[in-house]
Amino acid sequence: MLPEIPTGRLVLRPVVPDDLPVVTRLIGEYDVAMLSLVPHPYSLSDAKAWYGLNAAKVENGERAFAIDNGDGLIGVMSVGRPVDEPEFGYWLGKDYWGRGFATEAGRAALGWLFETTPATTIMSGALNENPASLKVLKKLGFGDEKPYLLPIRAHGEKLPGTRVRLHRDRFLSASGAW
C-alpha cells in the first residue's frame, strides 16, 4: 500500500474507489484531458478501468497518489510502474492550476520514490503547448530535454512535446530532505 505523504498544503495518499467520481469530473474537462492515454469524453467506467488496471495494483501498477488539499482529491500524481526507468506524470483539476500544487506534490512524490525504491532515473514529458507543465518539470530538476511526438488520445493524433529525465542524485542534492 502506498503511504500518506503530507506536504505544506497537501496530502498525497492512495487513490481509493470513492475518488473515482471526482477523477471523472476533473479529468473529464477537455483542457485537463491532454494526456497521452486519457480519452475525451472521460466516463466513470474509464476511471474504474484505470483504477482496476493500474492504481489499485501497487506491486506492478503505476503507483498513483491522490493529491488531496484537505477537501478531497484535486488531481493525481504518478511515479510510474516499478521498472528501471519509471514514468512521472500528473494532472490537476483546472480550478487548481497556477497555485504551485503540482510542484509541491511532485517534490514529495519524487522524494518518496528516490528514498524508498532503487530507481535511479525517472522520465517525463509534456506537450510543447503546455509551458506550465514544462516549467513544473524544470523546477523539479528534470533536464536532458529531447523533442518527441506525444500521442494524445483525446485529440487522436501525435503532438510535439518535450521529453525529460530526472536523475536521483540531481534530485536529492537539489532537494535535500524532502
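A residue is called buried when its relative accessible area is under 20%, exposed when it is over 50%, and partly exposed in between, with a 1.4 Å probe and protein chains only. By that rule Arg63, at 8% relative accessibility, counts as buried.

Good morning. The structure above is a predicted model, in which local features need pLDDT of at least 70, side-chain atom pairs count only at pLDDT 80 or more, and totals for chains, interfaces and linings use all residues. Residues are numbered from 1 along each chain as its sequence is written, and side-chain values use heavy atoms, with hydrogens and water left out.

I begin with confidence. The pLDDT is the predictor's confidence in each residue, from 0 to 100. Its mean for the protein is 90, and 94% of the residues reach 70 or more. Helices (H or I, at least four residues) and strands (E, at least two) are DSSP runs, numbered from the N terminus. Among these elements, strand S1, residues 5–6, has the highest mean pLDDT, 98, while helix H5, residues 168–175, has the lowest, 85.

Let us turn to the sheet. Two strands pair if DSSP finds at least two bridges between them. Three strands form an open sheet in the order S6-S8-S7, and their pairing is antiparallel. Which strands lie at the edges? They are S6 (121–127) and S7 (143–152), each of which pairs on one side only. From one strand to the next the twist averages 30 degrees. Seven antiparallel bridges connect S6 with S8, residues 157–167, and Gly125 stands opposite Arg163 in S8.

Two helices pack on this sheet. For the angles, axes are lines fitted to C-alpha atoms, for helices over the stretch in contact, and angles run from 0 to 180 degrees between N-to-C directions; contact means heavy atoms within 4.5 Å. Helix H3 (residues 101–116) touches S6 and S8, and its direction makes about 155 degrees with that of S6. Helix H4 (residues 131–139) also touches S6 and S8, at about 160 degrees to the direction of S6.

Why is H3 described as largely enclosed by the rest of the structure? The reason is that 13 of its 16 residues are buried. The expected span of a helix is 1.5 Å times one less than its number of residues. For the 16 residues of H3 this gives 22 Å, and its end C-alpha atoms are 22 Å apart, which agrees.

Next, Thr24, which lies in helix H1 (residues 20–27). Thr24 is buried, with a relative accessible area of 14%. Its side chain reaches the backbone oxygen of Leu20 at 2.8 Å. Not counting residues up to four places away in sequence, Thr24 touches Tyr42, Ser43, Leu44 and Ala47.

Some backbone details deserve attention. In the loop between H1 and helix H2 (44–55) we find Pro41, joined to His40 by a cis peptide bond with omega of about 0 degrees. Arg63, with which I opened, is in the loop between H2 and strand S3 (64–68). Although Arg63 is not a glycine, its phi is positive, about 50 degrees. Asp144, in strand S7, is likewise not a glycine and has a positive phi near 55 degrees. Is Asp144 buried or partly exposed? At 41% relative accessibility, Asp144 counts as partly exposed.

Finally, Pro3 lies in the segment before S1. Pro3 and Trp112 are 109 residues apart in sequence, yet 9.1 Å apart in space, C-alpha to C-alpha. Trp112 is one of the residues that Pro3 touches.

Definitions and conventions: Polar contact = N/O pair within 3.5 Å; in protein donor to acceptor, adjacent residues only side chain to side chain.
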